Amino acid sequence: MISEYVGEIEELPSDARTWSGQRYRKYLYHTARVAIWTANVYYPVRLLLILLEAQRSWQMWLMLAVEALFGRWSYQDQCLTVAGGGEPERGPRKRLRLRGSQNLPRVDVLIPCCGEPVDVILATVRAACTMDYPPSQLRVRVLDDGASAQLRDAVSEWHAQWPYLFYHTRGRQSGRVFAKAGNLNYALFTVQKDSPPEFCAILDADSIPKPEFLRATLPHLLLSSQTALVTTRQYFDNLPAGDPLSQSRLHFYTCQNAELDRCGRAIDAGSGAVFRRNAILDVGGYPTFSFSEDWQLSLILRGMGYRTIQVQEPLQFGLVPTSLEGHIAQRNRWHIGHSQQLFVLRPPTNRSMPRHLQWSIAWGGLAITLGLVSHIIGFGAVPWLLMSRSLIPSSSSFLISTQMILGLLHVSTMWAYGWLQATHAGIRGSLFSQLENSWLASGKKSRFIHPFR
């Protein structure tokens, strides 16, 4: 099945913006290894010195804990870089195009929606219907959990122009009954049951695909039977100047997910994903135990032996929340989704999921949630530490000098890694931008929400 399309796949010249920082790859890799080594020396030495200190104080323990809390995020990125390797030629992913019009695979474009403005949804529908792909091999399905009569009538009217456009609804939903995952599963297991496509693409209601979207993503699936899902980096049309709320999530896409992509373990960002339908059915469809169904699907696919990859080139453009309240609500939903990963251990869950994978997903969600809570504690502890004394063991000048030298070495390598990471990714911004998802952590609701209410 794969070889049938390989001859029609063309490799385009590399995008200078994507490859511009690759010459720094080896420097980044070796700096990451040095930074990991210094961290592995610094924290045990600090711990040992506190244990050996005759006059220990709680401030010493708190100081060490705060250092570890804020050093952890950079340490995780360093480990990702080392896992990705130091060879520049391994990334970023090549720009490919699927050429021709004969014998192309069938694709369903799924547009789940629930109450968004009809004009926004229709803009996405129009862009999906006019993509560069043979109409005989394309179907665009609007999956409306809002049961909007206006949207239904508009799609019905456009069906005469685009016969491959269809409207589906499972009735008005509250948005909390499996939410987006349930809507997509409705398409996979009910709507497509009698006429299944080989591949599916997911577009959020406010994400406009470029005409070449399918021709740029499908080749990565066709060239590897083990690749189950291709996610595309999300770009946005309405980012405010300077992106003060980090809504572009540059660090996630260009640093963290880019490193995961080098290992075939990229995280699905939701909109703009294209997947092999049989692979999703093989793992039981979209998981319904969490609001962050795209993230959880990636973890399940990887745990079941599939590859998940990311394409960096701009292939879709979406919208970010236009108010601080909307932005906080969006981040709130994401982090509640991570806290709900614990529900993977409870029925009903995917019966085909191995128990060890369930525990791995649950532990990952717990670690993310505790990390956010620890940042709240850490930021709150800083003022106390600034007013305190006896923050480090200081019974001798030698101990003080040892800790200062190790501390400077640790911080220097961490900063050097952060600078090279931004340079390698080709982004402008402050160092330690990996905190972009947690700086509003104190505004998030640290509670669990039952996923089936």
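How many residues does helix 14 have, and how far does it reach from its first C-alpha to its last? Some notes on that and a few other spots; bear in mind that this is a predicted model.

1. Helix 14 covers residues 397-425, which is 29 residues. From first C-alpha to last it reaches 42 Å, close to the 42 Å expected at 1.5 Å a residue.

2. Have a look at the pair formed by helix 12 (residues 324-339) and helix 13 (residues 355-386). Their axes are 7 Å apart and the packing angle is about 130°, so helix 12 and helix 13 are oblique to each other. Helix 12 brings His335, His338 and Ser339 to the contact, while helix 13 brings Gly365, Ile368, Thr369 and Leu372. By type, the residues of this contact split into 5 polar, 2 nonpolar and no charged.

3. Now the sheet: it is open, has 7 strands with mixed pairing, and the order reads 5-4-3-6-10-8-11. The edges belong to strand 5 (165-168) and strand 11 (307-311); each has a single partner strand, so one side of each is left without a neighbour in the sheet. On average, neighbouring strands here are turned by 20° against each other, direction ignored.

4. Within that order, strand 3 (residues 107-113) and strand 4 (residues 138-144) run parallel and are joined by 7 bridges.

5. Finally, helix 5 (residues 118-129) lies across strand 3, strand 4 and strand 5. Relative to strand 3, helix 5 runs at about 175°.

Notes: Residues are numbered from 1 along each chain as its sequence is written. This is a predicted model: local features need pLDDT of at least 70, side-chain atom pairs count only at pLDDT 80 or more; totals for chains, interfaces and linings use all residues. Side-chain values use heavy atoms; hydrogens and water are left out. Axes are lines fitted to C-alpha atoms, for helices over the stretch in contact, and angles run from 0 to 180 degrees between N-to-C directions. Helices (H or I, at least four residues) and strands (E, at least two) are DSSP runs, numbered from the N terminus. Angles under 35 degrees count as roughly parallel, over 145 as roughly antiparallel, 65 to 115 as roughly perpendicular and the rest as oblique. Contact means heavy atoms within 4.5 Å. Ala, Val, Leu, Ile, Met, Phe, Trp, Tyr, Cys and Pro count as nonpolar, Asp, Glu, Lys and Arg as charged, and the others, Gly among them, as polar. The expected span of a helix is 1.5 Å times one less than its number of residues. Two strands pair if DSSP finds at least two bridges between them.
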